[in-house]
Amino acid sequence: MHMTAYQDDITGSTTETSPSGPSVAIIGAGMSGLSAANSLRAAGAHVRLFEKSRGPGGRMATRRTDGSTFDHGAQYFTARHPRFVSRVAGWIDDGIVSEWNGSIGVFESGSLRDSTGATKRFVGQPRMSALTRYLSDGLDISFNTRISSINRASSGTWRLHDDTGQKHGDFQFVLSSLPPDQASRLVGDNSDLAGRISNVRMKPCWALMVAFDKRVEVNYDGIFVGDDSSISWLARNSSKPGRGDVDSWVIHASAEWSDHHLEDEKSLIQDVLLTGFKKIVGQAALTPMYSAVHRWRYALAENPLNHGVLWDGTGTIGLIGDWTNGSRVEGAFLSGESAALQLIEGIPS
Ligand SMILES: Cc1cc2nc3c(=O)[nH]c(=O)nc-3n(C[C@H](O)[C@H](O)[C@H](O)COP(=O)(O)OP(=O)(O)OC[C@H]3O[C@@H](n4cnc5c(N)ncnc54)[C@H](O)[C@@H]3O)c2cc1C
């Protein structure tokens with residue numbers, strides 16, 4: 001766990017050394033939290049992030065094994081808003097993002113057809129998590145720190161508590177990038193936010209990762225699946241830039257199927273998704289040399305909001321994340337950036 005002088009403020013034993021702007025706690029170091037943190041830092045705020053995992057990135061995750069990598073969360077991202085388009089261009093110049101020119105197909109009514117189109121798809125290079133690692137450079141992040149509650153001090157500032165009982169604070173502002181259920185629980189007693197987000201539902205996704213010692217001969221690198229009851233998408237991960245030569249694939253189960261099989265044994269999930277994969281690529285005899293599954297309990301919002309950021313009545317707690325802003329990587333980035341801009345320039349009433 002990373003400790004800073006700020007953490008000890010609560011005991012009065014040390015003082016914070018360099019805050020020139022407002023002090024802001026950000027819960028979660030995924031794309032939205034990192035985006036907010038970078039914009040706030042650039043504007044002179046004192047920012048500290050708290051992340052329950054041992055590294056940054058959240059759902060922009062990559063699993064590494066001997067010889068292969070698997071982007072088992074976000075597959076690629078698109079860029080439509082001018083601010084995000086220009087940010088992506090900068091990341092490409094810095095060599096941390098590349099366009100993925102994989103050929104894209106659709107599997108429907110038992111056959112494959114081309115669907116490549118004009119959409120530009122971007123990926124972190126040499127793996128998806130490289131981008132969030134890059135964005136976390138120089139930020140003050142406490143890893144392995146799961147925030148379990150927040151409460152207001154008599155001075156009006158916020159104190160955070162982690163699940164070991166450790167207190168962190170004080171902060172003038174808190175930004176939470178947690179999924180809606182957890183965000184509700186966190187802010188429940190402190191604001192009216194819980195009621196405003198109670199309808200937002202996150203859908204789960206089971207992900208299968210498989211690698212083969214010989215190339216799987218199929219014409220497409222990414223396949224949207226229209227009519228299979230278990231699978232919604234598969235991608236030849238190794239077709240993305242910098243991923244190496246081992247033929248590696250990520251297969252995502254559909255939200256409905258994942259929901260239905262959320263608590264099933266991993267071995268069963270693995271069997272069903274592998275069988276579905278073989279059917280789609282038309283090769284019944286394939287045997288992977290590596291196979292693993294991962295369960296995303298909160299993968300994508302079924303009914304995301306379009307607020308950018310949601311502030312509580314005091315304008316000191318903000319909820320950010322893909323689900324507050326149309327979903328997906330771009331939405332998450334813009335949500336964090338909006339929160340930072342509004343916090344610096346004044347929160348609209
Ligand atoms: C299977 C899957 C496929 C996807 N495919 C695509 C795609 O192709 N294109 C696309 O654009 N998007 C895709 N997405 C969505 C994309 O990954 C997200 O929109 C984006 O990464 C969300 O970023 P975020 O910061 O809002 O949330 P997250 O990445 O979830 O970040 C939240 C962070 O908060 C941390 N956290 C949670 N609770 C606590 C706590 N109590 N205390 C401290 N830290 C906590 C988490 O560990 C996490 O790091 C996909 C997601 C999944 C799961």
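I took two strands as paired if DSSP finds at least two bridges between them, and I took helices (H or I, at least four residues) and strands (E, at least two) as DSSP runs numbered from the N terminus. The model is a predicted one, so I kept in mind that local features need pLDDT of at least 70, that side-chain atom pairs count only at pLDDT 80 or more, and that totals for chains, interfaces and linings use all residues. Residues are numbered from 1 along each chain as its sequence is written, and side-chain values use heavy atoms, with hydrogens and water left out.

**Entry 1: the sheet with β13 and β20**

I looked up β13 (residues 173-176) and β20 (residues 317-319) and found that they run parallel and are joined by 3 bridges. Val174 has Ile317 of β20 as its bridge partner. Both strands belong to an open sheet of 6 strands with mixed pairing, in the order β9-β2-β1-β13-β20-β19. At its edges stand β9 (141-142) and β19 (310-311), each of which has a single partner strand, so one side of each is left without a neighbour in the sheet.

**Entry 2: the sheet with β14 and β17**

I then followed an open sheet of 7 strands, again noting mixed pairing, whose order reads β7-β6-β15-β16-β17-β14-β18. The edge strands here are β7 (111-114) and β18, each pairing on one side only. From one strand to the next the twist averages 20°, an angle between axes that are lines fitted to C-alpha atoms, taken from 0 to 180 degrees between N-to-C directions. Within this sheet I checked β14 (residues 202-212) against β17 (residues 247-253), which run antiparallel and are joined by 6 bridges, with Ile251 in β17 as the bridge partner of Leu208.

**Entry 3: the ligand**

Which residues are closest to the ligand? I noted Ser32, Glu51, Arg59, Tyr76 and Asp322 as the closest of the 34 residues that surround the ligand, where a residue counts if one of its heavy atoms lies within 4 Å. I sorted this shell into 15 nonpolar, 13 polar and 6 charged residues, with Ala, Val, Leu, Ile, Met, Phe, Trp, Tyr, Cys and Pro as nonpolar, Asp, Glu, Lys and Arg as charged, and the others, Gly among them, as polar.

For polar contacts I used pairs of N or O atoms within 3.5 Å. A polar side-chain atom of Ser32 lies 2.7 Å from a ligand oxygen atom, one of Ser53 lies 3.5 Å from a ligand oxygen atom, and a polar backbone atom of Val329 is 3.0 Å from an oxygen atom of the ligand. The protein covers 94% of the 1000 Å² of accessible area that the ligand has on its own, by the Shrake-Rupley method with a 1.4 Å probe.

Why does the ligand lie between domain 1 and domain 2? Domain 1 (5-56 + 136-198 + 305-345) and domain 2 (63-129 + 202-301) both give residues to the shell, so the ligand lies between them; the bounds come from an automatic or database domain assignment.

**Entry 4: backbone details**

I looked up two cis peptide bonds: one joins Gln125 and Pro126, with omega about 10°, and Pro126 is found in the loop between β8 (122-124) and α3 (129-135). The other runs from Gly169 to Asp170, with omega near 5°, and Asp170 lies in β12 (residues 167-171).

Note on methods
Polar contact = N/O pair within 3.5 Å; in protein donor to acceptor, adjacent residues only side chain to side chain.
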